[in-house]
Amino acid sequence: MAQTPPPTEAERTVPAPLPDRPAPVPRGALPLVLTGAFMAVLDTFIVLVAAPAIQADLHASDADVQLILAGYQLTYAIALITGARLGDRFGRKRLFQSGMALFTLASVGCALAPGAGFLIAARLVQGLSAAAMFPQVFALLQVLVPAGRRARAFGALGAVIGLAGAVGQVLGGVLVSADLLGSSWRPVFWVNVPVGVVTVALTARYVPESRAPRARRLDLPGAGVLTVALGLLVVPLVEGRPAGWPVWTWLSLAASVLAFVAFVLVERRVAASGGEPLVRLRLFRERPFAVGMLLVLLTYAGINSFFLVFSLTLQDGLGQDALGAGLYYTPFAVVFLATSLLAGRLAHLGRRVLQAGALLVVLGFGSTVALATAAGAGLTAGQLVAPLALVGAGNGLLVTPLLGAVLAGVRPEETGLASGVLSTGQQVGGAVGVAVLGVLFYGALGPAAHQDAAAYGHALTCALTANAALAALVALLLPLLPDPAARRG
């Protein structure tokens, strides 16, 4: 009897799922792609805790430290949509694997950096590699997981994204405080290396390839104009507050508006000529995606700014060291994980889960504001744990199903593109939130000295009042998002 030849790479490639062809999730694929998401988000936060040690060891200037922290976010945000479209065309597994390999090599470069300039360059490469890797996570979940199990998969993704932020604070504090073999801050980058090597190796075996059915050549003019537009927007948002909002930041923000208009015109011309635009503008004419994108922007503006003001209050205002501040995130992380996983199991309740999450966030921030106001100069870190655990619970119910709900209405051939746009929305929303809430926090703080609990408590209440308003706006806008449960029905 003739033996059946082994399948070719093309035959192993997984097309976009069809309604009448549900398939089981490939064994091991889900944990591997979630590991990529965890690492990409973790490296945004773990370095925050290590920044003082990095500055002291490398004799870096304040500007150098800002670039070490922000350079990763800049290249990450700017390249996300291009990374998503490359995955559509050349294979999502291939881009995920390549991004993870480059991320691991860049982490080695960061860990071995002899000076600030080298570390900045390695961080920029880390951001580019994360932009290649992260959008493939959304697309692979949408393609590989059957519709009936997708809500739980996105629940796990939401848990991973939220946990990575909290764990980054804790792990960074532990590693810097441990000073392993006198290496100070360097283990915060070495920790990526074994995880990255194992993930690249196992991805080759367990994650099937997938591509967009009709992906065409990359729209290079569109990619170039979008890169400029995002750069003009994100650079001043990230660098403006530390630099004191000089004139160039405002000029850059104004120029970004013109650049985005130019991008729309370029994309329309590419589409009219029969080409494949980098971003299909019709996505934004569909209410589910347009409303979902706005909700993602608002939600991540609240999350990232919360991490900023809470960390500053704990360390500068209430006298916690890096490790102590990180440990105060533990209840938030635990509750977030629990409600994220619960959200996947409650998917049949549809939009009500998201609404409950938004209202819990409002309640958590409101309770924190009331407690800090009442405590005044007697405010302690321990008093903040319980009300902010409510914030973690609400974000677990809100963030987790939101991403899946937005992608659920996207055509299979546009999954990669929509993933890149959503990922960019997360980064831009986070940058806007940090910029705006940072100004509000520092404006309320004024010239207060470190460990002035009353002043930092007042600044915290001002910022978290704005956070509560953002969450309330999300709750008001959620009825405009089509109910995911009704869509599944």
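## A look around Q126

Let's start inside helix α5, which runs over residues 116–144 and holds Q126. Keep in mind that this is a predicted model. Is Q126 buried or exposed? Its relative accessibility is 0%, so Q126 counts as buried.

Who are its neighbours? Leaving aside residues up to four places away in sequence, Q126 touches D43, Y72, F103, A106, S107, C110, F189 and N192. One of those, C110, is itself buried, because its relative accessible area is 0%.

## Cysteines

C462 has a relative accessible area of 24%, so this cysteine is partly exposed. How many disulfides turn up when the whole structure is searched? The count is zero.

## The nonpolar core

The largest nonpolar core has 141 residues. Which of them touch the most other members? That would be L119, F134, L141, L157 and F306.

Take L141 as an example. Again skipping residues up to four places away in sequence, L141 is in contact with L30, V33, L34, R150, A153, F154 and L157.

## The largest pocket

By type, the lining splits into 18 nonpolar, ten polar and four charged residues.

Which helices each supply at least two residues of that lining? They are α2 (29–58), α3 (62–90), α9 (220–243), α11 (287–317) and α16 (415–445).

Conventions
Residues are numbered from 1 along each chain as its sequence is written. This is a predicted model: local features need pLDDT of at least 70, side-chain atom pairs count only at pLDDT 80 or more; totals for chains, interfaces and linings use all residues. Side-chain values use heavy atoms; hydrogens and water are left out. Helices (H or I, at least four residues) and strands (E, at least two) are DSSP runs, numbered from the N terminus. Buried means under 20% relative accessible area, exposed over 50%, partly exposed in between (1.4 Å probe, protein chains only). Contact means heavy atoms within 4.5 Å. A nonpolar core is a set of buried Ala, Val, Leu, Ile, Met, Phe, Trp, Tyr and Cys residues joined through side-chain atoms within 4.5 Å. A disulfide is a pair of cysteine sulfur atoms within 2.5 Å. Ala, Val, Leu, Ile, Met, Phe, Trp, Tyr, Cys and Pro count as nonpolar, Asp, Glu, Lys and Arg as charged, and the others, Gly among them, as polar.
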